[in-house]
Amino acid sequence: MTEDLSKPTIIMGVTGGIAAAKSTLLASRLNKAGFDVRVIMTPNATKFVSELTFRSLTGNKVVTDMFEEPEEWDIRHVSLAKKARLAVICPATANFIGKAANGIADDMLTTTIMALGCPVVVAPAMNDAMWANDAVQANVLKLKGLGYVFAGPVTGRLACGTEGLGRMAEPDAIFDVVMHSYLAIGRSSLKGVKLLVSAGPTVEPIDPVRYIANRSSGKMGYALASAAAARGAEVTLVSGPTALSDPLNVEVKRVDTAEQMLKALEDGFEGCDAFVATAAVADYRAKEYSDRKIKKEKAGMKELELVENPDILAKLSSMKGGRLMVGFAAETEDAIESALGKYSKKGLDMIVVNEVNERNQPFGAEDNIVSIITGKGEVESLPRMSKSELSHMILDRISELMA
Ligand code: CTP
């Protein structure tokens, strides 16, 4: 087994279920993200997807048989377990969960898992009655207590044709949990921290077909919420309309307008320890909503009267108490100066500044270049990085400030 240190090894366990077909998408995304993906299949899993599929997607030999002659003279399940930075079981059957929770190692996957010292993400897939079964739930609870991270299941259509809680989460959502669990390795835990995050744009209707909104994909706020959940925080995400799916392990409240966002955030503010405002709140809304489409020939559009929306961050900051308040700012000129003004005016502990220019177009992008302002105006300029990595850098600063 040759080792490429630049490619972190991830073990992907695949157990027997129809969701194994979807897990090929996860293998592919992990491979593209730069992981050295080592797939271990249970014999039942090979009845749903062939080894060759995973081998082609990962470029690595797939292991199924405990007693197969290893390529090199070592005990393969132990050597693989030693190399692994993280493991993900996708899909995980009730049988796998039961074995892992009770220390049973009777195949290549369970023997490898037992020898691991790294985080393990579990993506269950089963019938809803099986998932609700007391024995399964007791095993899940036990594994959670041992530090296993669960990604799903979710409610949806099941293999048996009914709807219920037991469907495997989408591979992209599982990928996010895996990525954030990987990035969380060696970083401070946020266990016990209650984090409130606002994300996305707000959309202020003018008439049934028009609205006022800011540009925002929501990606930064969603990444922050996922990152914090992976580090153990209890996260509530209040989101304006976005094309993104709800992140796993995060409570999501969807809203449209600034007033609805304020209301949802006020509800969550009481019990939170920190508030991170990534939302691009529309500063104005139409004074009066027209329930008929305003015709462009008529004066209505040209003379549209606007009223100012509440400044959510400033309003919540006035009830700050011992909470940590973090703002975001997207600026096209005098970025630092302008952000410093918002930092003091809105009573913040930290502000993250996006510069929007030819070099950095953060809207909808996967990466971002920002500066972080904390303390008495100390500015830390960060290089370009993915919004996932950036989320963990921001959480590192939050956890330092909270300490
Ligand atoms: N914000 C908010 N409510 C608003 C406007 C902004 O909560 N009505 C929050 C944003 O979520 C962000 C911070 O305040 O965290 C700064 O937002 P920004 O739009 O840059 O600042 P504004 O105060 O609206 O100033 P301007 O648009 O004039 O730059």
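Two strands pair if DSSP finds at least two bridges between them. I kept this definition at hand while reading the model, which is predicted.

**Entry 1: strand β16**

I began with strand β16, residues 324-331. Is this strand mostly covered or mostly open? I found it mostly covered, with seven of its eight residues buried.

I then looked up the partners of β16. Strand β13, residues 274-277, is joined to β16 by four bridges, and the two run parallel. For a point of reference in this pairing, I noted that Phe-275 lies opposite Met-325 of β16.

Strand β17, residues 350-355, also pairs with β16; I recorded six bridges, again in the parallel sense. Here Gly-327 has Ile-351 of β17 opposite to it. I next followed the chain from β16 to β17 and found that it passes through helix α12, residues 335-345. This β-α-β crossover is right-handed.

**Entry 2: Thr-9**

I turned to Thr-9, which belongs to strand β1, residues 9-14. Why does Thr-9 count as buried? Its relative accessibility is 6%, and buried means under 20%, so Thr-9 falls in that class.

I also asked which side chain makes a polar contact with that of Thr-9. The partner is Asp-36, and the contact between the two side chains spans 3.0 Å.

Finally, I listed the contacts of Thr-9, leaving aside neighbours within four places in sequence.

Definitions and conventions. Residues are numbered from 1 along each chain as its sequence is written. This is a predicted model: local features need pLDDT of at least 70, side-chain atom pairs count only at pLDDT 80 or more; totals for chains, interfaces and linings use all residues. Side-chain values use heavy atoms; hydrogens and water are left out. Buried means under 20% relative accessible area, exposed over 50%, partly exposed in between (1.4 Å probe, protein chains only). A crossover is right-handed if, with the strands pointing away from the viewer, the path from the first strand over the helix to the second runs clockwise. A polar contact is a pair of N or O atoms within 3.5 Å; within protein, one must be able to donate a hydrogen and the other to accept it, and residues adjacent in sequence count only if both atoms are side-chain atoms. Contact means heavy atoms within 4.5 Å.
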